[in-house]
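Please walk through this protein one step at a time, with the sequence and the 3D view side by side.

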Amino acid sequence: MTARFRRCGHGSGPVHPGDQKAVAEFTAMLAARQRPAPWTGRGDVAVRIGERGLERGRPLPDQQPDTDPLALVLIHPDTETALTSTLHCAQARIHGAWTDPYRLLTHALAGRNLPPGTDLSA
């Protein structure tokens, strides 16, 4: 069964809980996108794909954080399964540390494949 939203964005009155959750997730995503947490060399990174997309990247375990390019694997934000083999990612492509609000911007969450010939070297 699909949830029916009770009002549009310009309506008056109380916000439906389903609407409130969507608005909160979207607001958190915008804030994280505008002010990314710096990547300290540990943990997953948010990697820029195309003009607006971000994907979750996991550096190889023996990878030094100051290496350029960085060797990493793109992974699904929820299931943590690998989406690619090892890629070489330029430090300039790293948006920051991975945080949950970025999920909304991933190809994987939208059910789309990564663009063919994804090149992270530039």
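A residue is called buried when its relative accessible area is under 20%, exposed when it is over 50%, and partly exposed in between. With a relative accessible area of 12%, aspartate 44 therefore counts as buried. The model is a predicted one, and the values discussed here were computed from it.

Now look at the sheet. Five strands make up an open sheet, and their order across it is E4-E3-E2-E1-E5. The pairing is antiparallel. At the edges are strand E4 (87-89) and strand E5 (94-97), each of which pairs on one side only. On average, neighbouring strands in this sheet are turned by 50° against each other, direction ignored.

Begin with strand E1, which covers residues 45-49 and is joined to E2 by five bridges. Within this pair, isoleucine 49 stands opposite glycine 53 of E2. The two strands form a hairpin with three residues between them. In the turn, glycine 50 has a positive phi of about 70°.

Strand E2 itself spans residues 53-59. Six of its seven residues are buried, so the strand is largely enclosed by the rest of the structure. On to the pairing of E2 with E3: it is antiparallel and runs over four bridges.

Is leucine 72 buried or exposed? Its relative accessible area is 0%, so leucine 72 is buried. Leaving aside neighbours within four places in sequence, the contacts of leucine 72 include Val45, Val47, Gly57, Leu87 and Leu120. Leucine 87 is 15 residues away from leucine 72 in sequence, yet the C-alpha atoms of the two are 5.5 Å apart in space.

Next come the charged pairs. How many salt bridges does a search of the whole structure find? The search finds five. In one of them, arginine 56 pairs with aspartate 44, and the closest N and O atoms are 2.7 Å apart. This pair links distant parts of the chain, since arginine 56 is in strand E2 while aspartate 44 is in the loop between H1 and E1, twelve residues apart. Arginine 56 has a relative accessible area of 11%, so it is buried.

Aspartate 44 also forms a salt bridge with arginine 58, with 2.9 Å between the closest N and O atoms. Again the pair links distant parts of the chain: the loop between H1 and E1 holds aspartate 44, strand E2 holds arginine 58, and the two are 14 residues apart. Arginine 58 is partly exposed, at 30% relative accessible area.

A further salt bridge joins arginine 103 to aspartate 78, the closest N and O atoms being 2.7 Å apart. Arginine 103 is in the segment after E5 and aspartate 78 in the loop between E3 and E4, so this pair ties together parts 25 residues apart in sequence. Both are partly exposed: arginine 103 at 24%, aspartate 78 at 40%. Salt bridges with shared partners join Asp44, Arg56, Arg58 and Glu80 into one network.

Phe26, Leu30 and Leu104 make a nonpolar surface patch of about 260 Å². Leucine 30 lies in helix H1, residues 17-34. With 35% relative accessibility, leucine 30 counts as partly exposed.

Terms used
Residues are numbered from 1 along each chain as its sequence is written. This is a predicted model: local features need pLDDT of at least 70, side-chain atom pairs count only at pLDDT 80 or more; totals for chains, interfaces and linings use all residues. Side-chain values use heavy atoms; hydrogens and water are left out. Two strands pair if DSSP finds at least two bridges between them. Axes are lines fitted to C-alpha atoms, for helices over the stretch in contact, and angles run from 0 to 180 degrees between N-to-C directions. Buried means under 20% relative accessible area, exposed over 50%, partly exposed in between (1.4 Å probe, protein chains only). Patches are made of residues with over 30% relative accessible area and no salt bridge: like charges are joined within 9 Å, nonpolar side chains (Val, Leu, Ile, Met, Phe, Trp, Tyr) within 5 Å. Accessible areas come from the Shrake-Rupley method with a 1.4 Å probe; for residues, only the protein chains shown count as cover. A salt bridge is a side-chain nitrogen of Lys or Arg within 4 Å of a carboxyl oxygen of Asp or Glu. Contact means heavy atoms within 4.5 Å.
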